[in-house]
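Me: I have a model open and want to learn how to read its features. Can we start with pockets and then go on to strands and helices?

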Amino acid sequence: MPLPPYLHCLELPTPFPVGPVNVYLAEGDPLTLIDTGPKADVSRAALEAGLAALGYRVEDLQQVVITHHHADHLGLAGEIVARSGARLLTHPYTVPWLRDFSAEQLRQEPFYMQVWDEGGVPAEIVSAMRLANRGLTKWRDNAPPDGTLDEGDEIFLGGEPWQVFHTPGHAGGLICLWEPASRTLLANDHFIRDISSNPVLEPPPHLIGPRPRRLVEYLHHMRRMAALDPAVALPGHGLPVTDVAGLLRQRLAFHQRRAARLAGTLAAEPLTLWQLTQPLFPRLTRPMDYFLALSEILAHLDLLEATGQVASRLSTGVVRWARLPVALGYTSPHDLPTA
């Protein structure tokens, strides 16, 4: 099924290992950009060239929608809003990241330090991750939003109503946009054809309550979006997804295999987060890769805990994970828990 004629994908190069990022221009009133790319010269130049090829300038934009708070998706928001006066919209979770990124980093830092301490992560790795995280400020500017988009809201693109879905998993404030007539899902990093998006470790909203189980949430919301039966899911990276149900099956099977391997590693004795991360990711070098690997392992431990296969215990300031002698288990990818 062809895309709505007013919707255009602009592929922007980035300085990140993930490679190019897709942003989307919706023609009509208001002229809307969905995501912006990072604050990098190559990204800005590609955005300006892509807009020019369609007959527009940055200054013509009237509305900018940010799908989640990662730098490759919102870094140019401040500059674009300053140049165009566009209205800026995002999910409430993402608002603090746009309003003052550095302040939000500092606010969340004690949460991560506690997780790393309890996980037995070496001090030199923690220090490297901390510095790399603070270095992300160079790829983005602050841009206070004008309004928010949340589950159940509606936004007009190309004169047509699109439904807003809040789909946390890869990021706590991630939103997908759905146009039922064309069965088009603007999925950003929720569905990516050739990459399994990382369930990034995050603190609870307002730092109150239990830590979110991002992978459990992610699998739940992947099922929920697949149930819409999209003809196409437009991703934040790579090519469009035309078999969403098939991709869902692949992702469920992948996470089941990784969880099973992790459970097998715990067969002999209780282990810390760091002890579990090393054998599954033995060749890490970049600080952010350590962060993503630790997020991945902790997310799968959450999944195993949700299915009754492992349990954690805090002792002398360190959390160790152990395999339970009698596990509830699951027999197929579709038996994985819901949020």
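This is a predicted model: local features need pLDDT of at least 70, side-chain atom pairs count only at pLDDT 80 or more; totals for chains, interfaces and linings use all residues.

Me: Which residues line the second largest pocket, and what is its volume?

Reply: The volume is about 250 Å³. The lining consists of Phe111, Gln114, Val115, Glu118, Gly119, Arg211, Leu273, Leu298, Ser312, Val319 and Trp321.

Me: How do the residues of that lining divide by class?

Reply: Six are nonpolar, three polar and two charged.

Me: Now the largest pocket. What is its volume, and how many residues line it?

Reply: Its volume is about 1400 Å³. The lining has 46 residues, and His70, Val200, Met288, Phe291 and Leu292 lie nearest the centre. Two or more lining residues come from each of α2 (71–74), α5 (101–118), α6 (123–134), α8 (244–265) and α10 (287–306).

Me: Which element gives the largest share of that lining, and what are the classes?

Reply: α5 gives the largest share, with seven residues. By class, the lining has 25 nonpolar, 11 polar and 10 charged residues.

Me: Next, sheets. In what order do the six strands of the open sheet run?

Reply: Start with the general idea. Strands of a sheet pair through backbone hydrogen bonds, either parallel or antiparallel. In this structure the order is β1-β2-β3-β4-β5-β6, with mixed pairing.

Me: Why is one side of β1 and of β6 left without a neighbour in the sheet?

Reply: Look at the edges. β1 (7–12) and β6 (147–148) each have a single partner strand, so one side of each has no neighbour in the sheet.

Me: How many bridges join β2 to β3, and do these strands run parallel or antiparallel?

Reply: Strand β2 (residues 21–26) and strand β3 (residues 32–34) are antiparallel, joined by three bridges.

Me: Which strands does α1 lie across?

Reply: α1 lies across β1, β2 and β3. Against β1, the helix runs at about 150°.

Me: What does Ser43 touch, beyond residues up to four places away in sequence?

Reply: Ser43 touches Leu12, Pro13, Thr14, Pro38 and Leu76.

Technical notes
Residues are numbered from 1 along each chain as its sequence is written. Side-chain values use heavy atoms; hydrogens and water are left out. On a 1 Å grid over the protein atoms alone, a cavity is a set of points where a 1.4 Å probe fits but cannot get out, and a pocket is an open set with protein on both sides within 12 Å along at least five of seven lines; lining residues have an atom within 4 Å of a point. Grid points are joined across faces, edges and corners, and a volume is the space filled by probe spheres set on the points. Helices (H or I, at least four residues) and strands (E, at least two) are DSSP runs, numbered from the N terminus. Ala, Val, Leu, Ile, Met, Phe, Trp, Tyr, Cys and Pro count as nonpolar, Asp, Glu, Lys and Arg as charged, and the others, Gly among them, as polar. Contact means heavy atoms within 4.5 Å. Two strands pair if DSSP finds at least two bridges between them. Axes are lines fitted to C-alpha atoms, for helices over the stretch in contact, and angles run from 0 to 180 degrees between N-to-C directions.
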